Amino acid sequence: MPRGAERLLEVLAAHDVEVVFGLPGVHNLAIWEALQRNPGIRMIGVRHEQTAVYAADGYARATGKLGVAVVTTGPGAANTLGATGEAWASGSPVLVIATDIPSTLRRPGVHRGVLHETRDQKAMFASVTKASFDVPSAQQLGAHTDKAVRQALRSPHGPVYLGVPTDFLSAEAPHHTVTKIEPAHTTVDLTEAVQLVAESSRPLIWAGGGAARSGAGTAVSALAAKLQAPIITTYGARGLTDSPHVVRGPVHAPPVGKLWDDADLVIAIGTDFDGMMTQNWLQPRPRALLAVNIDKAEANKNYPADVTLEGDAATVTAALAAEVTSKQAGVDLAAVGTEVRALAEADSPEAVKLLQALEGTDATIVADMCIPGYWIGGFHHVTRPRGLAYPVGWGTLGFGFPAAIGAAVHHRTIAVVGDGGFLFACGDLATAKQEGLPLTIVLVDDGGYGMLRYDQQIANHTISGVDLTRPDFAKLAESFGIPAVTLTGFDDLRTALSAAKGPNMIVVNASLKPPITTSPRWYRKTTT
């Protein structure tokens with residue numbers, strides 16, 4: 001009978017897992033050995049456990065598939081928590097598989113001093129996962145792996161922890177037939193919703209990450225076309241659709257915020273109206289609100305809806321689009337877009353050069369929690385679903401580069417990072433080189449933590465802790481065998497990107513002003 005490690009991989013493969021990210025440790029070596037005998041699953045070895053989960057998250061965001069991270073016991077598992085929290089806050093389907101100490105050495109509630117032992121490893125993950133499971137026996141390893149995968153992939157998506165005592169990996173484990181996730185068949189009563197839409201004259205669609213994860217782009221486009229309604233996309237829904245009704249600019253820009261203020265009905269699809277998008281709920285509650293969401297409580301926790309349609313965003317929105325009555329156009333969105341771009345150009349010509357360099361790219365863009373990333377998240381026009389990954393769930397600095405490693409497994413990727421955040425995981429330059437990933441790193445070097453420096457400046461505080469000693473980043477990349485160029489400003493970035501063949505690095509020495517999407521510059525703070 002095959003051993004537990006083989007059964008674990010067998011279940012993952014049955015759920016169409018093609019790649020896992022991980023770091024070997026003394027307790028999980030059986031999995032690595034089993035991977036050598038399972039050519040259907042590619043193992044990408046990273047240089048830190050947190051990176052493994054970021055990469056799995058980036059892969060999940062770029063593909064919509066399950067991202068899998070395999071790490072070792074105790075400190076290895078603990079190292080993943082920051083990245084797991086980002087996956088949880090952003091609704092990414094990620095499975096974190098961590099080994100635990102041998103079951104034969106465990107005494108419940110007692111720390112005996114076994115290598116890598118914790119009193120309760122699963123408990124560490126309770127607040128940053130959708131669900132957590134410990135495998136109770138080798139005989140149940142296949143069933144628990146199957147259950148963990150299905151939990152991560154079932155809407156609403158989220159990360160799941162699976163703890164496997166190391167001795168179960170080498171024990172005999174029986175076959176388990178997996179249960180595939182079936183598409184949701186949602187039937188809802190649309191009567192009240194259709195009536196609410198009929199009574200409106202200026203409807204607005206607000207599409208969130210749940211709409212993106214359900215693949216609701218076509219349905220949202222159809223609804224917008226019928227209602228002639230503007231579509232505001234959240235950070236998690238950028239690229240949901242390239243419909244002409246998509247507003248080109250963030251709701252933090254006054255011309256876009258005015259669309260919200262003027263609307264007599266907001267149709268919220270797959271969103272919970274988080275604080276980052278609503279300027280900490282300084283946006284007034286809509287005159288009328290229709291919510292489409294897989295989870296009724298999530299839909300209503302910040303702005304209570306007049307009508308809630310509970311179900312899959314794509315299915316319910318398509319049904320709604322088929323039932324509502326067509327309306328006449330009421331908003332000149334081209335003019336709104338022009339006004340937003342003029343505001344950006346007046347605010348930061350250098351940031352606009354960055355945006356222009358990225359226009360028209362077919363690469364997946366992964367932006368870190370840094371000033372260039374804030375500009376991209378707010379103002380870059382994404383033209384395809386899953387074309388942008390941006391860590392506003394938890395706001396975890398250091399996400400950009402390792403998440404881009406995961407995204408690059410699927411598609412050519414551009415990681416836009418700052419000098420501070422890149423140093424969190426710079427060792428994974430080795431991973432990018434070893435795997436030959438089609439990844440371009442655009443590293444904007446402003447001498448440290450630029451956003452925090454700005455926070456101190458506007459508060460008239462002493463500048464402290466934010467100016468960093470940095471390496472020569474181009475030479476650092478080259479020491480890993482990765483070609484690099486250095487630019488002053490963004491004038492030549494587009495040319496450099498067109499010539500890039502990954503893995504490679506483009507270092508841009510530049511300092512940008514934070515955009516109006518950052519909390520110190522939220523306009524509703526001064527107008528509300």
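**Figure 1. Threonine 118 sits in the loop between strand E4 (94–100) and helix H6 (121–124).** The model is predicted: local features need pLDDT of at least 70, side-chain atom pairs count only at pLDDT 80 or more, and totals for chains, interfaces and linings use all residues. Residues are numbered from 1 along each chain as its sequence is written, and side-chain values use heavy atoms, with hydrogens and water left out. Helices (H or I, at least four residues) and strands (E, at least two) are DSSP runs, numbered from the N terminus. Threonine 118 is buried, with a relative accessible area of 18%. Buried means under 20% relative accessible area, exposed over 50%, and partly exposed in between (1.4 Å probe, protein chains only). Leaving aside neighbours within four places in sequence, threonine 118 is in contact with Gly74 and Arg106. Contact means heavy atoms within 4.5 Å.

**Figure 2. An open sheet of 6 strands pairs in parallel.** The strand order is E2-E1-E3-E4-E6-E5. Strand E2 (42–45) and strand E5 (131–134) are the edge strands, and each pairs on one side only. Two strands pair if DSSP finds at least two bridges between them. Neighbouring strands are turned by 20° against each other on average, direction ignored. E4 and E6 run parallel and are joined by 6 bridges. In this region, isoleucine 97 stands opposite leucine 162 in E6.

**Figure 3. Tyrosine 161 belongs to strand E6 (residues 160–165).** Tyrosine 161 is buried, with a relative accessible area of 0%. Valine 128 is 33 residues away from tyrosine 161 in sequence, and their C-alpha atoms are 9.4 Å apart in space. Contacts of tyrosine 161, leaving aside neighbours within four places in sequence, are Val96, Ala98, Gln121, Lys122, Phe125, Thr129, Ala131, Ser132, Phe133 and Asp134.

**Figure 4. Helix H1 (residues 4–14) and helix H2 (residues 29–36) cross at roughly 60°.** Two packed helices are described by the angle between their axes and the distance between the axes. Here the axes come within 9 Å. Axes are lines fitted to C-alpha atoms, for helices over the stretch in contact, and angles run from 0 to 180 degrees between N-to-C directions. The crossing of H1 and H2 is right-handed. A crossing is right-handed if the near helix is turned clockwise from the far one by less than a right angle, and left-handed if anticlockwise. H1 contributes Ala5, Glu6, Leu8 and Leu9 to the contact, and H2 contributes Ala30, Ile31, Ala34 and Leu35. By class, the contact has 7 nonpolar, no polar and 1 charged residues. Ala, Val, Leu, Ile, Met, Phe, Trp, Tyr, Cys and Pro count as nonpolar, Asp, Glu, Lys and Arg as charged, and the others, Gly among them, as polar.

**Figure 5. H1 lies across strands of the sheet that include E4.** The strands under H1 are strand E1 (19–22), strand E3 (67–71), E4 and E6. H1 runs at about 175° to E4. H2 lies across E1, E2 and E3, and runs at about 135° to E2.

**Figure 6. An open sheet of 5 strands has the order E8-E7-E9-E10-E11.** Its pairing is parallel. Strand E8 (231–233) and strand E11 (307–310) stand at the edges with a single partner strand each, so one side of each is left without a neighbour in the sheet. Neighbouring strands are turned by 15° against each other on average, direction ignored. Strand E7 (residues 203–207) pairs with strand E9 (residues 265–269) in the parallel sense over 5 bridges. Proline 203 stands opposite leucine 265 in E9.

**Figure 7. Serine 221 lies in helix H11 (residues 217–227).** Serine 221 is buried, with a relative accessible area of 18%. Not counting residues up to four places away in sequence, serine 221 touches Thr241 and Ser243.

**Figure 8. The largest nonpolar core has 59 residues.** A nonpolar core is a set of buried Ala, Val, Leu, Ile, Met, Phe, Trp, Tyr and Cys residues joined through side-chain atoms within 4.5 Å. Leu493 and Val508 have the most contacts inside the core. Helix H17 (residues 349–358) supplies the largest share, 6 residues. Leaving aside neighbours within four places in sequence, leucine 493 is in contact with Leu354, Ala357, Val442, Leu487, Ile506 and Val508. Another core, of 49 residues, lies apart, and Ala52, Ala407, Leu439 and Ile441 are among its members.

**Figure 9. Helix H18 (residues 371–379) is largely enclosed by the rest of the structure, because 9 of its 9 residues are buried.** The buried residues are Ile371, Pro372, Gly373, Tyr374, Trp375, Ile376, Gly377, Gly378 and Phe379.
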